[in-house]
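Student: I am new to this structure, and I would like to go through it slowly with you.

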Amino acid sequence: MCAVSRARRTTGARGASRWGWTRVSIACAPIARAALIRSPLAPIWGGGLPSITFYPAIALRAWLRVFWPGFVTTFLSASVVSYLWLAAIHSLRVDDFGDRAGLMVFGGMGLVISGLNEAWRRSTAALAESEALLQRLDRDRLLTQQRVSQLVESMPGVVWEAWGEPDAVSQRI
């Protein structure tokens, strides 16, 4: 059991509340970094490429966790982009069709990034599980071979010999 899980169980309601705020701040940190990186670039890029710095935040969250944190990061990033850099500045309203289409593409790409990371995570887990099964089966095969070998070696006076046709009448053992 990890220390975080143990701490979550033993701290009670007040500690759980602190842990919840910690999780929220960890979730928002990549978005804040992306916004801080994008802000100085606004004079250079103007209104173009408002969401370009948020793609790494989405990829990082989806890679470090599972699908849902990447999805939440995508949604929050789209909200920040809409609020700070689209036509109606400091508003979540998006009137321009081009901005709306850009946000839809951004959201779609965020979902694709999150989905691909989730598929990669699941396939990696399945591969590890199948490798463990293969190692277990190989170990069992080796143990079975050793048992058969020990059984045959423990009967030194017996000679195994068979000849003739493979039926009960003409075959001698």
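The conversation below takes up a pocket, a surface patch and the salt bridges.

Tutor: Please keep in mind that this is a predicted model, in which local features need pLDDT of at least 70 and side-chain atom pairs count only at pLDDT 80 or more, while totals for chains, interfaces and linings use all residues. Residues are numbered from 1 along each chain as its sequence is written, and side-chain values use heavy atoms, with hydrogens and water left out.

Student: Which element gives the largest share of the lining of the second largest pocket?

Tutor: A pocket is, on a 1 Å grid over the protein atoms alone, an open set of points where a 1.4 Å probe fits, with protein on both sides within 12 Å along at least five of seven lines, and lining residues have an atom within 4 Å of a point. The lining of the second largest pocket includes F71, F75, L103 and L111, and the elements giving two or more residues to this lining are α4 (67–85) and α5 (97–153); helices are DSSP runs (H or I, at least four residues) numbered from the N terminus. The largest share, 6 residues, comes from α4.

Student: Is I52 in the nonpolar surface patch buried, partly exposed or exposed?

Tutor: I52 forms this patch together with I44, W45 and L49, and its place is in the loop between α2 (12–45) and α3 (55–64). Patches are made of residues with over 30% relative accessible area and no salt bridge, nonpolar side chains being joined within 5 Å. Buried means under 20% relative accessible area, exposed over 50%, and partly exposed in between, with a 1.4 Å probe and protein chains only. Because its relative accessible area is 37%, I52 is partly exposed.

Student: Which residue meets R122 in a salt bridge, and is that partner buried or exposed?

Tutor: A salt bridge is a side-chain nitrogen of Lys or Arg within 4 Å of a carboxyl oxygen of Asp or Glu. The partner of R122 is E118, at 2.9 Å from N to O, and both lie in helix α5, 4 residues apart, about one turn of the helix.

Student: How far apart are the closest N and O atoms of R141 and D138?

Tutor: R141 and D138 are 3 residues apart in helix α5, so they are separated by about one helical turn. R141 counts as partly exposed at 41% relative accessibility, and D138 is partly exposed at 34%. They form a salt bridge in which the closest N and O atoms are apart by 2.6 Å.

Key
Patches are made of residues with over 30% relative accessible area and no salt bridge: like charges are joined within 9 Å, nonpolar side chains (Val, Leu, Ile, Met, Phe, Trp, Tyr) within 5 Å. Accessible areas come from the Shrake-Rupley method with a 1.4 Å probe; for residues, only the protein chains shown count as cover.
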